[in-house]
Structures are given as structure tokens and as C-alpha cells.
Amino acid sequence: MASKIQFLFLLFLSIFSCLPIASTSGDHLGDIVKSVSDAGYKAMSLTLELTLPTLISSALADNNSITAITIFCPPDEAFRSLEHFRQPPLTLLKYHIAPVKLERKDLEPVLPLGIKINTLLHGHPIVETTSSITGNPSINGVEIKQWNIYNDGHVIVHGVENFFDPGYQTILYPMYDGEVLKDSNNSNMITIKALGQIVFVLVFMVVPAMILGIRYLSQKQKR
């Protein structure tokens, strides 16, 4: 009996050790929090201290192949602008964490524009853009102000000038709504909703226009 328990315990440790993101967040949570706080993002550091282990555990439960995350930290001023919440809702925090490694070289230069980046908030991606004022890389129109506040290869933290507005993607990039079909790079994605819209256009607009055109040419030839 004891040997079975020891075997299960060792199996659990071996599986857990294969999840670098989990071990990193657990072992280095204090380092992450301190780095974010030292960079001037006091409110976000406290929020991450309370929520980061839960967020990562939830992400791994949904997709155990995640090996890195990128966190975008809004400044303290953005937290004070939250009128109805003492702390940002968990859904909003998930919207600021991408389950992928995004370093400066991956976001700069930002070409092509409008690249979709999935977040921990399932079905609600962020969009890589360029700041209209400075030309620097931005997310959902929000400029990235500070790179690599923390970076251990598995957890990367960047500072941004404000919270991301989910409405930005919904209004300007509605083709990214709905369930996603992942490509081989797990980055650019085509949505089922977008495919449905394409089929609708082809069937109900392009095809009838072609039929009318053929009829018109046929009648013209008869004359």
C-alpha cells in the first residue's frame, strides 16, 4: 500500500514538473510581485499576489500545453478609474494575460497590423496595434510603456498605459468573435463565425449577382 502511495506521489511530481509555467508561478510569485511593484505598478502587484496562482491553475486546467504567459500591467491610475470595483473583476484580469510568450521582438515592429492574440478570457482575444500618437506597439490601441518588467522565460510582464477595452476588438475586429480554429502557429486564427459570414456573402450575394450577369449577357447576345 505504501509503495502505491509513493508511486502516485512521484507520478504527480513528475507531471507537475512538466508544467514550467506552474512551477515558475509558484516558486517565483514573490519575485514577480516585487518586480511589478518596484516598477511602479503597485495596484497590479497586489492583484497578482492574490490572483496569479488561481489564474494559472485555471488556465492549465483548460489547456495543459501552456508553457508561458504574458501579463500586461495597467498603471495605478487605471485602477483608480474603476468606479464600481475596488479591484478589477477576474474576467478583466484574464483579458490582460495571454497564454503565450510575447517579448518585445515579437510585438515590434507590429506588421501586419491587427494580429489576434488569445487571452485567458476564452473567446475574447486582444489585437496587436500601433499607437496613433507615438507609433509604438500597442494592444487594443493601448500603448505598451515598459518592456520586460519581469521575464524568466515562462512569465513575461509588460507595462501598458491603461486597461484594455474588450469593446475595441468587438467593434473594430468582429471577425475575431466566436469559437476559434487554431492554425499550426497557434497565433493567427480564423473564426467559425467569420467563415459563416464568408459563406453567407458567397451564397446570397455573389452567386445571385453572377446569375443576373449571365442572364443579362445572354439576353444582350439574343438581341
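This is a predicted model: local features need pLDDT of at least 70, side-chain atom pairs count only at pLDDT 80 or more; totals for chains, interfaces and linings use all residues.
Me: What makes up the secondary structure of the protein, and what share of its residues count as buried?
Reply: The secondary structure comes to eight helices and nine strands. Of the 223 residues, 38% count as buried, a term that requires under 20% relative accessible area.

Me: Which residues touch the most other members of the largest nonpolar core?
Reply: They are Val-36, Met-44, Ile-69, Ile-71 and Val-157, in a core of 30 residues. Two or more residues each come from helices H2 (20–38), H3 (42–62), H4 (76–80) and H5 (90–94) and from strands E1 (69–73), E6 (142–151) and E7 (155–160). H3 gives the most, with eight residues.

Me: What is Val-157 in contact with, leaving aside its neighbours within four places in sequence?
Reply: Val-157 is in contact with Ile-32, Val-36, Ile-71, Cys-73, Trp-147, Asn-148, Ile-149 and Tyr-150; contact here requires heavy atoms within 4.5 Å.

Me: Why is the pair of Phe-79 and Phe-163 called tilted?
Reply: The ring centres are 5.1 Å apart and the planes stand at 55°. Phe-79 lies in H4 and Phe-163 in the loop between E7 and helix H7 (166–172), so the pair ties together parts that are 84 residues apart in sequence. Both residues are buried.

Me: How many aromatic pairs does a search of the whole structure find, and which residues form one aromatic cluster?
Reply: The search finds four aromatic pairs. Tyr-168, Tyr-173 and Tyr-176 form one aromatic cluster.

Me: What makes E1 mostly covered?
Reply: Five of its five residues are buried. Ile-69, Ile-71 and Cys-73 point one way from the strand, and Thr-70 and Phe-72 the other way.

Me: How many bridges join E1 to E7, and how many join E1 to strand E2 (residues 97–98)?
Reply: Five bridges join E1 to E7, and these strands run parallel; Ile-69 stands opposite Val-155 there. Two bridges join E1 to E2, which run antiparallel, with Thr-70 opposite Ala-98. Pairing requires at least two bridges, so both E1–E7 and E1–E2 qualify.

Me: Why do E2 and strand E3 (115–117) stand at the edges of the sheet?
Reply: Seven strands form an open sheet of mixed pairing, in the order E2-E1-E7-E6-E5-E4-E3. E2 and E3 each have a single partner strand, so one side of each is left without a neighbour in the sheet. Three bridges join E3 to strand E4 (residues 126–130), and the two run antiparallel; Lys-116 stands opposite Val-127 in E4.

Key. Residues are numbered from 1 along each chain as its sequence is written. Side-chain values use heavy atoms; hydrogens and water are left out. A nonpolar core is a set of buried Ala, Val, Leu, Ile, Met, Phe, Trp, Tyr and Cys residues joined through side-chain atoms within 4.5 Å. Buried means under 20% relative accessible area, exposed over 50%, partly exposed in between (1.4 Å probe, protein chains only). Helices (H or I, at least four residues) and strands (E, at least two) are DSSP runs, numbered from the N terminus. Rings of Phe, Tyr and Trp (its six-membered ring) pair if their centres lie within 6.5 Å; planes under 30 degrees apart count as stacked, over 60 as edge-to-face and the rest as tilted.
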